[in-house]
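My notes follow in the order in which I checked things.

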Amino acid sequence: MTFGLFEDMAPCRAQREELCPGAVVLRSFARVNEDAVCEALWFITAEAPLRHMITPGGFRMSVAMTNCGSYGWVTDRTGYRYDQIDPESGKPWPRMPSAFFNLAQDAAVSAGFKDFEPDACLVNRYEAGARLSLHQDKDERDFSAPIVSVSLGLPAIFLWGGLRREDKAMRIPLMHGDVMVWGGPARLRYHGVLPVKEGYHPRTGPYRINLTFRKAR
Ligand code: MD3
Ligand code: FE
């Protein structure tokens with residue numbers, strides 16, 4: 001019995017695509033422990049509900065967000081920042097579950113980054129039509145740490161640009177369980193997500209969920 005089980009699981013961590021130095025896609029990497037990851041996710045969103053934040057320009061983001069870990073990424077009319085307090089509740093963000101931390105650390109090691117200790121996990125929830133326009137992630141203090149991102153639920157097309165906004169972006173399909181690691185020279189590249197198509201996924205229902213793990217401080 002167990003042999004059959006392990007034969008099924010082994011290929012999960014085998015597929016890896018190197019996009020450029022510092023950027024790796026680990027296909028299905030998060031599926032090994034997806035039960036624990038999804039369960040932890042519902043616990044976090046119960047404590048710190050997903051919400052549509054307002055950008056400094058006054059726009060409501062189509063992606064709903066929350067955080068766990070010591071720091072959470074927030075935006076409001078005053079700007080973008082990492083904050084130890086959830087502005088909606090006035091309380092600290094939920095702790096980062098060990099299933100999250102271990103997944104992020106394992107993925108970083110697989111991509112060649114030892115000693116990744118994320119202190120922030122941003123949870124992004126995409127409903128049908130939600131998108132993220134091209135941007136750089138620059139609010140972290142130290143760009144030497146990688147970013148690990150985990151895709152769950154509905155598929156999406158990830159836009160992967162260059163170091164300048166005008167650089168032509170490649171389109172990379174991301175499926176449930178895919179994990180990407182971005183470090184080194186890839187860390188400051190522009191990126192985004194095309195509008196998510198309507199659908200239903202047994203794990204997440206009508207949504208795509210993305211977890212991004214960072215070293216904020
Ligand atoms: C490449 N999230 O939260 S994850 C974000 O799918 C964000 O929700 C997207 O961009 C999402 O900031 C993309 C993949 C990702 C995350 C961070 C990166 C790619 C990156 C940082 C630098 C370069
Ligand atoms: Fe980003």
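I began with Ser28, which lies in the loop between β2 (23-26) and α2 (34-47). The model is predicted. I noted a positive phi of about 65° for Ser28, which is not a glycine. I recalled that most residues other than glycine have a negative phi. Is Ser28 buried or exposed? I found a relative accessibility of 13%, and because the cut-off for buried is under 20%, Ser28 counts as buried.

I then turned to Asp115, in the loop between α3 (98-110) and β6 (120-126). Its phi is also positive, near 60°, and Asp115 is not a glycine. I read a relative accessible area of 67% for Asp115; exposed means over 50%, so Asp115 is exposed.

Next I went to ligand 1. I counted 20 residues around ligand 1, of which Asn124, Tyr126, Arg187, His191 and Arg208 come nearest. By class, I sorted the shell into nine nonpolar, six polar and five charged residues.

Which side chains place an N or O atom at 3.0 Å and 2.9 Å from an oxygen atom of ligand 1? I found Asn124 at 3.0 Å and His191 at 2.9 Å. For the side chain of Asn210, I noted 3.3 Å from an N or O atom to an oxygen atom of ligand 1. The protein covers 97% of the 500 Å² of accessible area that ligand 1 has on its own.

I checked the pockets as well: the space taken by ligand 1 is the largest pocket. Elements giving two or more residues to the shell include β6, β8 (147-153) and β13 (208-214). β13 gives the most, with four residues.

Methods: Residues numbered from 1 in each chain as written. Chains lettered and ligands numbered in written order. Predicted model: local features only at pLDDT ≥ 70, side-chain atom pairs only at ≥ 80, totals over all residues. Heavy atoms only, no water. Buried < 20%, exposed > 50% of the residue type's maximum accessible area, 1.4 Å probe, protein only. Near = heavy atom within 4 Å. Polar contact = N/O pair within 3.5 Å; in protein donor to acceptor, adjacent residues only side chain to side chain. Areas by Shrake-Rupley, 256 points an atom, 1.4 Å probe, with all protein chains shown as cover. 1 Å grid on protein atoms, 1.4 Å probe; cavity = no way out; pocket = protein on both sides within 12 Å on 5 of 7 lines; lining within 4 Å. Sits in = over half its atoms within 2 Å of the grid points. Nonpolar A, V, L, I, M, F, W, Y, C, P; charged D, E, K, R; others polar.
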